[in-house]
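Let's walk through a protein model together, one piece at a time. Keep the structure in view and look for each residue as it comes up.

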Amino acid sequence: MSEWWRGSVTYQVYPRSFQDSDGDGIGDLPGITARLDHIAALGVDAVWLSPVFTSPQADMGYDVSEYTDIDPLFGTLADFDVMVARAHELGLKVIIDQVLSHSSAEHPFFRESRASQDNRRADWYVWADPNPDGTPPNNWVSVFGGSAWEWSSHRRQYYLHNFLASQPDFNFHCVAVQDWLLDTMRFWLDRGVDGFRLDTVNYYFHDKHLRSNPPEPRNDVQPAVNPYDMQDHLYSKTQPENIGFLVRMRLLLDEYDGRVMVGEVGEGRRAVQVMAEYTTGPDRLHMAYSFAMLGPQFTAAHFRKSIEGFFADAPDGWPCWAFSNHDVIRHASRWAEHGNPDDVARLAAALLLALEGSVCLYQGEEVGQLETAIEYHELTDPPGFKFWPDYKGRDGCRTPMIWDDSAEGGFTTGRPWLPVKAPQLARNVAGQAGVAGSVLETYRALLAFRRSTPVMQTGRTRFCDLPEPVLAFVRDAEGATLTCVFNLGAAPLVLAVEGVASLAGPSQAAVLTGDNLSLGANGWAYLAGAAGLLSVPTRHA
Ligand code: BGC
């Protein structure tokens with residue numbers, strides 16, 4: 001029970017876009033409750049809700065102005081309790097998003113902190129004097145573009161914001177801030193949540209001396225759409241003091257039974273090292289959410305490097321892998337050039353659900369949902385406005401969940417806050433349910449297989465040396481083995497299998513005859529018995 005999270009699968013709900021119950025065009029808690037059956041029927045272990053707390057919604061809820069209440073957009077605390085109770089009845093754990101690194105600028109504590117340099121919350125946020133020439137105290141930049149410092153005319157000082165200027169960073173060097181945030185977490189633990197997704201977990205502390213960051217040493221970082229990546233964020237995040245706060249959070253969770261923390265580790269070159277540091281040992285995070293597979297790379301070498309690299313550097317750490325979330329282009333679109341979108345969606349699901357570690361799915365990927373093409377007049381995401389058209393923001397992956405092919409996809413009876421378009425409507429739950437081989441039924445079958453096959457949850461991974469585009473690895477645990485083989489390309493190929501093997505669980509475009517395994521475009525197979533005895537593929541004549 002207490003380690004249920006090892007090898008678990010979590011389904012991420014983006015509340016604004018899951019199900020609207022009151023016709024205002026924005027999803028809400030009663031809507032989520034009504035749709036929990038869908039999530040439970042998929043066969044996942046847990047549901048993670050992006051923030052539903054009181055917020056001016058400048059960053060769609062990642063700017064909290066009251067940590068222990070629900071935003072009226074989403075409902076009430078009573079609606080929250082009903083949702084948790086229903087999830088638990090269905091056997092689903094509930095993980096909520098905690099945005100601790102920064103608050104909204106409309107949080108009463110920030111207003112208080114901003115009022116003067118000597119009030120009781122004066123040091124609750126990160127304040128600094130200007131340079132003699134009036135410029136910000138150092139070169140730190142914001143993830144959303146521009147300086148990470150914003151001037152306050154009230155206080156005549158700058159304050160730090162790693163994201164929007166309306167998301168001021170808390171000063172974690174102030175112990176009262178830590179104590180207070182831990183109390184807000186206790187509030188939700190007492191309400192029965194099973195854990196937390198910790199937003200930007202490595203951004204909590206900043207360098208006390210406010211030293212400027214050096215340039216990023218990799219020489220391939222040219223001026224880009226957003227110059228954030230040109231800096232090596234040595235001093236503005238991932239400070240050594242962070243570990244102390246992780247330990248404090250873990251002590252809190254350990255007062256309860258079976259609660260879990262998954263931290264979002266946004267790091268560059270040092271990502272694996274930080275994930276290892278944050279999840280090794282019984283006194284830190286349970287899992288670290290990885291960015292490794294959220295990018296354009298869709299090669300066997302990349303997946304192998306990500307998995308092998310993690311377990312080599314963090315043999316006792318625990319990763320959580322995802323291909324999509326509310327911040328990145330949906331993977332069925334991102335990897336579209338590698339085959340037919342539905343084939344790629346099914347192949348990706350088979351791969352993700354075969355990985356060692358835990359897994360996060362993002363709402364809509366179970367129907368192979370594609371990124372929505374967003375026009376300028378439809379934009380809501382601040383970085384989209386800032387960098388348009390070179391970067392179009394994150395609205396395209398946040399459009400409503402499509403339940404059926406009715407006008408707004410069954411999401412709302414009103415006007416949805418982001419548009420519902422034809423390519424998205426074509427991929428809907430009702431249209432795929434019960435249809436053999438649909439993306440949805442494939443997810444269900446894969447999840448059932450992962451659940452009933454312990455080696456897929458906790459087996460170790462050994463990679464086979466095969467040329468691109470074949471990715472193959474063996475999962476094994478206590479004598480049980482499963483060989484997982486994927487054709488990441490659209491051209492069919494044949495592999496020679498040595499030893500006795502049989503297909504196990506779902507497969508796609510895979511035929512095993514005698515010693516040959518044929519994989520068609522984006523084909524995959526799980527093989528029982530063939531423990532890695534695959535040889536170099538020869539292409540079909
Ligand atoms: C969340 C984003 C959010 C940012 C700032 C992230 O990593 O996933 O959606 O904009 O943190 O809170």
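By class, the shell around the ligand is made of 3 nonpolar, 4 polar and 7 charged residues. Here Ala, Val, Leu, Ile, Met, Phe, Trp, Tyr, Cys and Pro count as nonpolar, Asp, Glu, Lys and Arg as charged, and the others, Gly among them, as polar. This is a predicted model, in which local features need pLDDT of at least 70 and side-chain atom pairs count only at pLDDT 80 or more, while totals for chains, interfaces and linings use all residues. Residues are numbered from 1 along each chain as its sequence is written, and side-chain values use heavy atoms, with hydrogens and water left out.

Which residues are the closest to the ligand? Among the 14 that surround it, they are D59, D199, E264, H326 and D327; a residue is near a molecule if one of its heavy atoms lies within 4 Å of it. Now look at the oxygen atoms of the ligand. One is 2.5 Å from an N or O atom in the side chain of E264. For the side chain of D327, such a distance is 2.6 Å, and for that of H326 it is 2.9 Å. The protein covers 96% of the 310 Å² of accessible area that the ligand has on its own (areas come from the Shrake-Rupley method with a 1.4 Å probe; for residues, only the protein chains shown count as cover).

Let's stay with H326, which sits in the loop between β12 (319-322) and α8 (331-334). Helices (H or I, at least four residues) and strands (E, at least two) are DSSP runs, numbered from the N terminus. Is H326 buried or exposed? H326 counts as buried because its relative accessibility is 2%; buried means under 20% relative accessible area, exposed over 50%, and partly exposed in between (1.4 Å probe, protein chains only). The side chain of H326 also makes a polar contact with the side chain of Y62, at 3.1 Å. A polar contact is a pair of N or O atoms within 3.5 Å; within protein, one must be able to donate a hydrogen and the other to accept it, and residues adjacent in sequence count only if both atoms are side-chain atoms.

Next, find helix α4, residues 175-190. Its buried residues include W180, L181, L182 and W188. Just after α4, G192 takes a positive phi of about 105°.

Conventions:
Expected span 1.5 Å × (residues − 1).
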